[in-house]
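Let's walk through this structure together, one question at a time. Have the sequence and the coordinates open as you read.

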Amino acid sequence: MSNLPLCPACGSEFTYEDGGMYVCPECAHEWSKDGTAEDSTEVRIIKDANGNVLQDGDSVTVIKDLKVKGSSSVVKVGTKVKIIRLVDGDHNIDCKIDGIGAMKLKSEFVKKI
């Protein structure tokens, strides 16, 4: 029986040690061994082009023609995207666009409906 702590993000009991960190294999959350959990309480705020705060499940509209990398397709201005999912990274919106499929968008090129 190990004395490893439960994951503070998802409560999983399957945590493991990796150097000076604890890691949760279920949600990929990492935190330091010295007990500082401030990094786990970090809240990301993602805003659209107009400054409105976006949340998972929102619907947005594209405000600029966007070329699809590796394809001759273009996402046109006014394209409505339903049920977005916010993620970390440069392209911080995951979504599905009708006729194109799964895409990652930057929040600066959309506005909330």
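What follows is a friendly set of questions and answers about a predicted model.

Me: Let's start with the largest pocket. Which strand gives the most to its lining?
Reply: The lining includes Leu 66, Lys 67, Met 103, Lys 104 and Leu 105. Two strands, S5 (66-67) and S10 (101-105), each supply at least two residues of that lining. The one that gives the most, with three residues, is S10.

Me: How much space lies in the largest pocket, and how many charged residues are in its lining?
Reply: The space in this pocket comes to about 260 Å³. Its lining has five nonpolar residues and one polar residue. Lysines count as charged, and Lys 67, Lys 69, Lys 104 and Lys 106 are among the lining residues. The number of charged residues in the lining is four.

Me: Which residue has its backbone nitrogen 2.8 Å from a polar atom of the Asp 58 side chain?
Reply: A polar contact requires N or O atoms within 3.5 Å. The distance here, from a polar side-chain atom of Asp 58 to a backbone nitrogen, is 2.8 Å. That nitrogen belongs to Gln 55.

Me: How do the rings of Tyr 22 and Trp 31 pair: stacked, edge-to-face or tilted?
Reply: The count of aromatic pairs comes to one. Its members are Tyr 22 and Trp 31, with 5.7 Å centre to centre and 45° between the planes. Planes under 30 degrees apart would count as stacked and those over 60 as edge-to-face, so the rest are tilted. The pair of Tyr 22 and Trp 31 is tilted.

Me: What is the relative accessibility of Trp 31?
Reply: Tyr 22 is buried, with a relative accessible area of 14%. Trp 31 also counts as buried. For Trp 31 the value is 6%.

Me: What is the phi of Ala 28?
Reply: Most residues other than glycine have a negative phi. Ala 28, an exposed residue at 59% relative accessible area, lies in the loop between strand S2 (21-23) and S3. Its phi is positive, near 65°.

Me: And what is the relative accessible area of Ile 83?
Reply: Ile 83 lies in the loop between strand S7 (80-81) and strand S8 (85-86). Its phi is positive too, about 55°, although it is not a glycine. Ile 83 is exposed, and its relative accessible area is 65%.

Me: What distance separates the C-alpha atoms of Ser 73 and Ile 100?
Reply: Ser 73 is in the loop between S5 and strand S6 (74-75), where it counts as partly exposed at 30% relative accessibility. Leaving aside neighbours within four places in sequence, Ser 73 is in contact with Leu 66, Lys 67 and Val 68. Ser 73 and Ile 100 are 27 residues apart along the chain, and their C-alpha atoms are separated by 7.8 Å.

How values were computed
Residues are numbered from 1 along each chain as its sequence is written. This is a predicted model: local features need pLDDT of at least 70, side-chain atom pairs count only at pLDDT 80 or more; totals for chains, interfaces and linings use all residues. Side-chain values use heavy atoms; hydrogens and water are left out. On a 1 Å grid over the protein atoms alone, a cavity is a set of points where a 1.4 Å probe fits but cannot get out, and a pocket is an open set with protein on both sides within 12 Å along at least five of seven lines; lining residues have an atom within 4 Å of a point. Grid points are joined across faces, edges and corners, and a volume is the space filled by probe spheres set on the points. Helices (H or I, at least four residues) and strands (E, at least two) are DSSP runs, numbered from the N terminus. A polar contact is a pair of N or O atoms within 3.5 Å; within protein, one must be able to donate a hydrogen and the other to accept it, and residues adjacent in sequence count only if both atoms are side-chain atoms. Rings of Phe, Tyr and Trp (its six-membered ring) pair if their centres lie within 6.5 Å; planes under 30 degrees apart count as stacked, over 60 as edge-to-face and the rest as tilted. Buried means under 20% relative accessible area, exposed over 50%, partly exposed in between (1.4 Å probe, protein chains only). Contact means heavy atoms within 4.5 Å.
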